Amino acid sequence: MEEKKKYAAAVDIGGTNTRVALVDEDYNILKRVQFATMTDDPMENCRKIASFILSYETPVEGIGISVPGVLDTEDGRILMANNFGNEWLDFPLTKTISELAEVPAWLANDANLAALAEAAAGEGKDKRIVQFLTISTGIGAGLIVDKEIYEGAHGLGNEVSNVIVWLDGPSQNGLAVGAIEAISSGTAITKRANEAGLKAAHAGEVNELAVEGNEEAKQIMEEAKEYLANLIASLYAISDPDIVILGGSVAMKTPGFVEEVEQRVKDKVFYVLKPFIKIHRSTLSEDSGLIGAAALAFTKKDKMNHA
């Protein structure tokens, strides 16, 4: 008798938009909808999410939910997030959606779920230990071990944005002085360039100035790559991943960025590690949040079934 295909509901709640999708076990997105996130009304946002899930003719195994910020994944609540109103903080998100949609729901940080998507359907799908970093507006990360998110003792494992890599380096947005996000993120690159008197709207323009020979821009891009390589070399020393995958606009849109960072990392690690350094660009689209959320639902439901 042929086994029935499994399906999950995937939810990606951002500060601007909320996306809801029906995803099969091969990570094909079959249905999707998007609406403006009600940043001051989490209850109504949850009702809208549940109404879409209940409209599916196909029963789902569960619901995976992707949210940016610092989360209590055990209790399914947002502890800290910049893009939502205070009404969202400590709101019982997974409990509410689960009760409304009548299926189990699980919550994880957006960077962790982007990492899980890479391990399930991206560059890391044949690997045991997958390290993911997004180099974009900010810097996020996720570590996947045997297809499961490594969360640490308090759910804060791999929160690398505030890792200090530069003594007396730059700072921004309440980060520690010399934190990696204040050096290598797109926001940091642009901010540092403008502070140096350059006119740049985004990191791509800073890189263009560097390619054209502008010394200030070259220095800023050099430091962004160098300190990021320091961080990644440290991650290799700590967890020895099979692969490191870089996503986000800075990594994806800056020509040669990933290749240059990979070479710098090879120059920084013990010689016995050099052959194992593999730093790849993400091959997933902006749907990685939905794919990761579906993977979370499948993984958690399987654990429930085998408990």
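Predicted model: local features only at pLDDT ≥ 70, side-chain atom pairs only at ≥ 80, totals over all residues.

Residues are numbered from 1 along each chain as its sequence is written, and side-chain values use heavy atoms, with hydrogens and water left out.

Okay, empty space. Rolling a probe the size of a water molecule over the atoms shows where empty space is left. On a 1 Å grid over the protein atoms alone, a cavity is a set of points where a 1.4 Å probe fits but cannot get out; a pocket is an open set with protein on both sides within 12 Å along at least five of seven lines; and lining residues have an atom within 4 Å of a point. Grid points are joined across faces, edges and corners, and a volume is the space filled by probe spheres set on the points.

Take the second largest pocket, with a volume of about 390 Å³. Its lining has 21 residues, and nearest the centre you'll find Thr-73, Glu-74, Trp-106, Leu-107 and Lys-300. Which elements supply at least two lining residues each? That would be α2 (93-101), β7 (105-109), β10 (148-149) and α10 (288-306). Those names come from DSSP runs, helices being H or I of at least four residues and strands E of at least two, numbered from the N terminus. By class, that lining splits into nine charged, eight nonpolar and four polar residues. Here Ala, Val, Leu, Ile, Met, Phe, Trp, Tyr, Cys and Pro count as nonpolar, Asp, Glu, Lys and Arg as charged, and the others, Gly among them, as polar.

Now the closed kind. There is one cavity of 30 Å³ or more, and the largest cavity comes to about 60 Å³. Its lining includes Thr-73, Asn-112 and Glu-159, and β5 (70-72) and β7 each give at least two residues. The classes there are five polar, four nonpolar and two charged.

Asn-112 deserves a stop. Asn-112 sits in helix α3 (residues 110-121) and is buried at 6% relative accessible area, buried meaning under 20%, exposed over 50% and partly exposed in between, with a 1.4 Å probe and protein chains only. Leaving out residues up to four places away in sequence, Asn-112 touches Ala-141, Gly-142, Leu-143, Ile-144 and Ile-149, where contact means heavy atoms within 4.5 Å.

On to α7, residues 215-239. Its 25 residues reach 36 Å from first C-alpha to last, close to the 36 Å expected, which is 1.5 Å times one less than the number of residues. At its start, a side-chain oxygen of Asn-214 comes within 3.1 Å of the backbone nitrogen of Glu-216. Just after α7, Asp-240 has a positive phi of about 50°.

Asn-158, with phi near 70°, is buried at 14%.

Last one: Thr-254, in the loop between α8 (249-253) and α9 (257-268). Thr-254 is buried at 4%, and its side chain reaches the backbone oxygen of Val-250 at 2.7 Å.

Notes. Polar contact = N/O pair within 3.5 Å; in protein donor to acceptor, adjacent residues only side chain to side chain.
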